[in-house]
Amino acid sequence: MATSIDGYIDDAGPERLLLSNAEDFDRVDQVRAESDAILIGAETLRRDNPRLLVGSVSRRQARVAAGKPEFPVRVIVSASGDLDPGLRLWQQGGDRLVYTTTAGRERLGDRPAAFAEIVTLGATVDFGALLDDLGARGIGRLMVEGGGRIHTAFLAADLADELLLAVAPVLVGDSAAPRFLHPAEFPGGSRRRMVLRDVTRLGDIAVLRYLPGGRPADGSPTTREGPQ
């Protein structure tokens, strides 16, 4: 996730606020290429209309040479089933999965069958069950791109192995703008400290790599500087 210094992922204007720079966008493309699947929530899909593709031709070729599909699986989470079939994500790329609730499945009907496989998780979206299903499909590395509700759910359920946070030198300061995380009961609360594994400078962006599991019991140092 890319955030402003004060923790926002966008402003409240009609156009998307681009927090990342060219170097960070390339880093994101590399992480996508290394992933088996990319997951976002339906709110992010509706707001940003992303394609979630690997842009680099050489990276796509490397995936194919390694016996992988050209593109990672795109995964959409929508409890309500409110999905617009005209969005760009459905128009190109590889396989797509939609995880929804029983009520969301009824709303979707047969409409999305042509562009995605629909998986029903029950009365609510159970992210543990979602990950179990992805694992059964051979998805070993999942990139979660957002938005705020999705990141909150993963971190609150202690389901994230690492957090890559790109901090942009921008202040938004608008209570109507979306934030990186929502209020939640996070494991360990404010007493739990994540492990900082990397700090990488990409132009005016600082990319922080945290391990949410907490500080090692032996107190060993875990921070190392990335490229400057």
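**Figure 1. The buried residues of helix H6 in the predicted model.** In helix H6, the residues Gly148, Ile150, His151, Thr152, Phe154 and Leu155 are buried. The structure shown is a predicted model. The cover over these buried residues includes strand S2 (37-41), strand S3 (73-78), helix H5 (127-136) and strand S6 (142-146). An α-helix has 3.6 residues a turn, so residues three or four places apart point the same way. After H6 comes aspartate 158, which has a positive phi near 60 degrees.

**Figure 2. Threonine 152 within helix H6.** Threonine 152 belongs to helix H6, which spans residues 148-156. Is this threonine 152 buried or exposed? Threonine 152 has a relative accessible area of 7% and is therefore buried, since the cut-off for a buried residue is under 20%. The side chain of threonine 152 reaches back to glycine 148, where the backbone oxygen lies at 2.7 Å. When neighbours within four places in sequence are left aside, the residues in contact with threonine 152 are Phe180, Leu181, His182, Pro183, Ala184 and Phe186.

**Figure 3. Isoleucine 150 and its surroundings.** Isoleucine 150 is also placed in helix H6. Its relative accessibility is 8%, so isoleucine 150 counts as buried. Which residues does isoleucine 150 touch, not counting residues up to four places away in sequence? They are Leu39, Ile40, Gly41, Val77, Phe127 and Val144. Isoleucine 150 and leucine 181 are 31 residues apart along the chain, and their C-alpha atoms are separated by 8.7 Å.

**Figure 4. Phenylalanine 127 of helix H5.** Phenylalanine 127 is a residue of helix H5. With 13% relative accessibility, phenylalanine 127 counts as buried. Apart from neighbours within four places in sequence, phenylalanine 127 is in contact with Val77, Ile150, Ala153, Phe154 and Leu159. Ile150 and Phe154 of this group are among the buried residues of H6. How far apart in space are phenylalanine 127 and leucine 211, C-alpha to C-alpha? The distance is 19 Å, for two residues that are 84 residues apart in sequence.

Figure 5. Glycine 146 and glycine 147 are joined by a cis peptide bond, with omega of about 5 degrees. Glycine 147 is located in the loop between S6 and H6. Strand S6 covers residues 142-146 and is among the elements that cover the buried residues of H6.

**Figure 6. Two residues with positive phi.** Aspartate 158 has a positive phi, near 60 degrees, although the residue is not a glycine. Where does aspartate 158 lie? The residue is in the loop between H6 and strand S7 (163-168). Its relative accessible area of 39% makes aspartate 158 partly exposed. Asparagine 49, likewise not a glycine, has a positive phi of about 50 degrees. This asparagine 49 is found in the loop between helix H2 (42-48) and helix H3 (57-65). Asparagine 49 counts as partly exposed at 23% relative accessibility.

**Figure 7. Isoleucine 205 of strand S9.** Isoleucine 205 lies in strand S9, which comprises residues 205-211. The relative accessible area of isoleucine 205 is 2%, so this residue is buried. Setting aside residues up to four places away in sequence, isoleucine 205 touches Leu19, Ser20, Asn21, Asp24, Ala166, Val167, Ala168, Pro169 and Thr200. One of these, alanine 168, is 37 residues from isoleucine 205 along the chain, yet the two C-alpha atoms are separated by 5.1 Å.

**Figure 8. The whole protein, as context for the close-up views.** The protein contains six helices and nine strands. Its radius of gyration is 18 Å, close to the 17 Å that the globule rule gives for 228 residues, so the protein is as compact as a globular protein of that length. Along the principal axes, the C-alpha atoms fill a box of roughly 50 × 40 × 40 Å. Of the 228 residues, 41% are buried. Among contacts between residues at least 6 apart in sequence, 64% join residues at least 24 apart. The accessible surface comes to about 12000 Å², and carbon and sulfur atoms account for 50% of it. The protein carries 28 positive and 32 negative charges, and the mean positions of the two groups are 2 Å apart.

Terms used: Residues numbered from 1 in each chain as written. Predicted model: local features only at pLDDT ≥ 70, side-chain atom pairs only at ≥ 80, totals over all residues. Heavy atoms only, no water. Helix = DSSP H or I, 4+ residues; strand = E, 2+ residues; numbered from the N terminus. Buried < 20%, exposed > 50% of the residue type's maximum accessible area, 1.4 Å probe, protein only. Polar contact = N/O pair within 3.5 Å; in protein donor to acceptor, adjacent residues only side chain to side chain. Contact = heavy atoms within 4.5 Å. Rg over C-alpha atoms; globule rule 2.2 N^0.38 Å. Areas by Shrake-Rupley, 256 points an atom, 1.4 Å probe, with all protein chains shown as cover. Lys, Arg positive; Asp, Glu negative; His and termini not counted. Charge placed at Lys NZ, Arg CZ, Asp CG, Glu CD.
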